[in-house]
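Reader: Hey, I've got a structure open and I'm a bit lost. Can you walk me through it?

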Amino acid sequence: MLGRLLKKALKRSRPKNSTQTRTDAPIEIRMTLQESIQTLTHIMGNSTDFMVRKISGREDLPEIAICYIEGLVDTNLLNRILESWLTVTLEADQMPGIESLLNKILPAGPISKLHTTQSIISAVLDGKAVILADGMKEAFSASIESLEKRSIEEPSSQTVIRGPKDGFTEDISTNLSLIRRRLRTPSLRVQSMVIGSYTNTKVIMAYIEGIADESVVSEIRARLQSIETDSVLESGYIEEFIQDNTLSPFPTLINTERPDAVAGGLLEGQVVILVDGTPFVLLAPVTFFRFLHSSEDYYQRYDLSTFLRGIRFFSFVISLLLPSLYIAISTFHQEMIPTTLLISLAAQREGTPLPALMEAFMMEITFEIIREAGVRMPRVIGPAISIVGALVLGQAAVQAGLVSGAMVIVVSFTAIANFAIPAFSMAAAIRIIRFVLMLLAGTFGLYGILAGIIPIYAHLVSLTSFGVPYLSPVTPLRFADLRDLFVRLPWPFLKTRPQDMNRRNMVRQGMNRPQQGKK
Amino acid sequence: MEMKQSIRVTDLVCFLAVFEVGSTTLFFLGAEAKRDAWIAMGIAALIGLLLLAMYLLIYRSNPGLDLYGLCRKYFGKIIGSAVNLSFAGYFAYEASRNLRDLGELTLLTLLDRTPLMFIMLTAIIVVANTVRYGPKVVIWMCAGFLPIIILSYFTIYTLLVSSGLIQFELMLPILEEGFRPAWTAAVPEIVSFPFGQTLLFLLFFPLVKKKEKLSRSVIITYVITAICLIMINQINILVLGPTQAANSTLPLLQVVQLIDIAEAFERFDVLFVIVLVLGLGTKMAAFFMGAAMGLHKITGLSYKMWTVVVAVVIFALAFISPNYPHHIWLGIKVVVTYVTPIFQIALPLILVLVIWIRSMWTKQRQ
């Protein structure tokens, strides 16, 4: 109810006219070269990095001008174009068309004809070189862009022991090539669009035709096209615009830095959204359990993967519930604690001034501060923080009698368990919910924890990610998909794709097991 | 897309199992039959099976209509609406009983110093919040609860057997005083609660999209659940003996308290209460939903609005009894004998008759 009201308010407050200032109605290119150049420099506001180079060395050819932005184009290629323009030999006597001449001298890559000033400007801003010729009604753009880009490195946020070590970079074409390299099939469909009236960010949507659900694909496409914003600087912008439930703490799109994870997702029927300028790529639709899976689960042996998944599910529960369980049991249900432990706990708590709830809140907040400081501080100060964090706030706080030793153990274990969840966005959701549960545990004990978990569970059951139930295949129950959920069966047994993402093209591999040679 | 969103037989069957277990294990059923409680429960389960078969028969006569739709169709507008209203009231009352049970259970075991009103208020808010999502979400949620419930009862059974607390000789002699005590214990008390409550499922059968195998799956689930319930109920006798089991407020909880592993884990009962609360909550949500769906159908006003109204009504109804013994007496003795048979047996029987007579009529006309 509240969500709907807020959504309405959001819709209303969104301005009707998006901020289009740079170019208005498309303008025809002026006839004379001089005039066109003047128009362009005027639109660019005499920016010093906007370069116009006029070439008039040849008498048999019309005068041309090359426009580009310094730093966005490859200077070597540019030089070569100039050189070949000045030295190109005309084969026949008659005057050749400028277009065929350009085709001859321009490097590989698409050459497109531009008819309006607006399209020239956007081509220049994309890093292309635009060639205007005197007396021509159209301009030509050549792709000689050379952006400074980071080389492919190991992803910093999702590391694996076994598996490919390459990660996405900030460059969208590199990222797409990393996916293409893994899926050499013509069925991989790629669609690009431009979002953001100021940033003009390139956004690419890709899926495998025949595996991805068509209704999901068209839904994602429609939601992407309906975005009206002036800027997209990271895929997080896109995520918040197209997710199903804006107010839910749970993410309904998963982000990853790993091309192999994306390839795996595409093969299971997910749709990938790449955004230029960020190594984080979005996958949708996604179900809850995928946030606890890692792409490494499929590379390691199945028994180890199953065990590790068990560990991850356990740490999910720990991370969500341990502090609140500690509060509830030590405040309301002491009879559950074994007697010897109870005595030592009571002895520890004797000296501490605060009730368990306050103590837990204090320690959890302290830890969150240390964690945030660890992310933001300059790298050189790192060791100092760890010393202060571990020694002063841990050991010294216990010795000073501010907190009990058991509480420090609980908080640290919770924190470490939180790091075992592979997806940061899911781990972050739990971090927030944990505080609510702690509050409920402090007021109603175990009953309060239950009263907190049931609404979360109901919310998760009702949540959908682009039409796919968030908790599938548990609710609704699909036995076939349980083979790759809490456990991971060996590959020969995973004959079908997960049913939640798609209903057709289910078979993944042959029904025959590979023959083992008889002795 | 539709396929992914529909309720399937598997989901409904999980719901049925959780619903049947629900609050049943909270009480010791068939106390009058003493050590033959299992026979009494068996009789009741068989009669309940007949009732379930009747409900399935009603459902199959018009697979697209739920209980309210059927009454409206066969009893006419005025009588049908009156019957529907009484059904909705009955469901709301059952939900309020569950709410009171939940509150009293929590008060006795988890929160002895919190006022009953706050506990029940929390419970009704949480349940109303769940019911607000509609039947699909409630039914789907049970797929998550069922493994927890099965696992905990299985653990309890294993621990009881392995720690030697179960004494099978407490069951003997069988039928010491003849068949009569078992029969009087079973009819109508145990038939009405819990087995006859499957009546509510006349509302949920039509929600299932793929109807093949529905009747078979429902009956198989019912039989398995009934057998499990009889086994769990008999634990009370096997561990506590007939007298203590009959006199205990929460017998099964007392049994669980006896478990002791390595002198470290002695109090499983607190965790077990959580399982009981889950069952109670699901049952309450089911009846709550039944009442809200009914009022939505009768009046045509929005389901979400009725959720709020019914929540208030249930909360108020839960305070009918001044104390817990009165609540138990009212529920296990009075209502079960004089009220529930009307809704679970009499009205459905009349409905079957009317449906049958109508179909005969139309055949004769042709």
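Author: Here is a walk through the model, topic by topic. This is a predicted model, where local features need pLDDT of at least 70, side-chain atom pairs count only at pLDDT 80 or more, and totals for chains, interfaces and linings use all residues. Residues are numbered from 1 along each chain as its sequence is written, chains are lettered from A and ligands numbered from 1 in the order in which they are written, and side-chain values use heavy atoms, with hydrogens and water left out.

Reader: Which strands make up the open sheet?

Author: The order in chain A is β6-β7-β9-β10-β8, with antiparallel pairing. Two strands pair if DSSP finds at least two bridges between them. β6 (188-195) and β8 (254-256) of chain A are the edge strands with a single partner each, so one side of each has no neighbour in the sheet. On average, neighbouring strands of this sheet are turned by 25° against each other, direction ignored.

Reader: And what packs on the sheet?

Author: Helix α9 (residues 259-267) of chain A does, touching β6, β7, β8, β9 (271-275) and β10 (281-284) of chain A, and its direction makes about 50° with that of β7(A). Contact means heavy atoms within 4.5 Å. For the angles, axes are lines fitted to C-alpha atoms, for helices over the stretch in contact, and angles run from 0 to 180 degrees between N-to-C directions. Buried residues in α9(A) include Val262(A), Ala263(A) and Leu266(A). Their cover includes α6 (172-182) of chain A as well as β6, β7, β8, β9 and β10 of chain A.

Reader: Back to β6 and β7. How many bridges do they share?

Author: β6(A) and β7 (residues 201-208) of chain A pair over eight bridges, in the antiparallel sense. Ser192(A), for instance, stands opposite Ile204(A) in β7(A). The loop between β6 and β7 of chain A holds Asn200(A), which has a positive phi of about 45° although it is not a glycine.

Reader: I clicked on Met205 in chain A. Buried or exposed?

Author: Met205(A) is buried, with a relative accessible area of 0%. Met205(A) is in strand β7 of chain A. Leaving out residues up to four places away in sequence, what Met205(A) touches includes Val190(A), Ile220(A), Leu224(A) and Val271(A).

Reader: What about β4, how many of its residues are buried?

Author: Five of the five residues of β4 (residues 129-133) of chain A are buried, so the strand is largely enclosed by the rest of the structure. Ala129(A), Ile131(A) and Ala133(A) are on one side, and Val130(A) and Leu132(A) are on the other. β4(A) pairs with β2 (residues 64-69) of chain A in the antiparallel sense over four bridges. Three bridges join β4(A) to β5 (residues 139-142) of chain A, also antiparallel. β4(A) and β5(A) form a hairpin with five residues between them, and Gly135(A) in the turn has a positive phi of about 80°.

Reader: New topic! Which peptide bonds are cis?

Author: Among them are the bond from Ser472(A) to Pro473(A), with omega near 10°, and the one joining Thr475(A) and Pro476(A), with omega about -5°.

Reader: Last one: what is the area buried between chain B and chain A?

Author: About 3200 Å², of which carbon and sulfur atoms give 69%. Buried area is the accessible area (1.4 Å probe) that two parts lose on being put together, summed over both. The contact takes 36 residues from chain B and 38 residues from chain A.

Note on methods. Helices (H or I, at least four residues) and strands (E, at least two) are DSSP runs, numbered from the N terminus. Buried means under 20% relative accessible area, exposed over 50%, partly exposed in between (1.4 Å probe, protein chains only).
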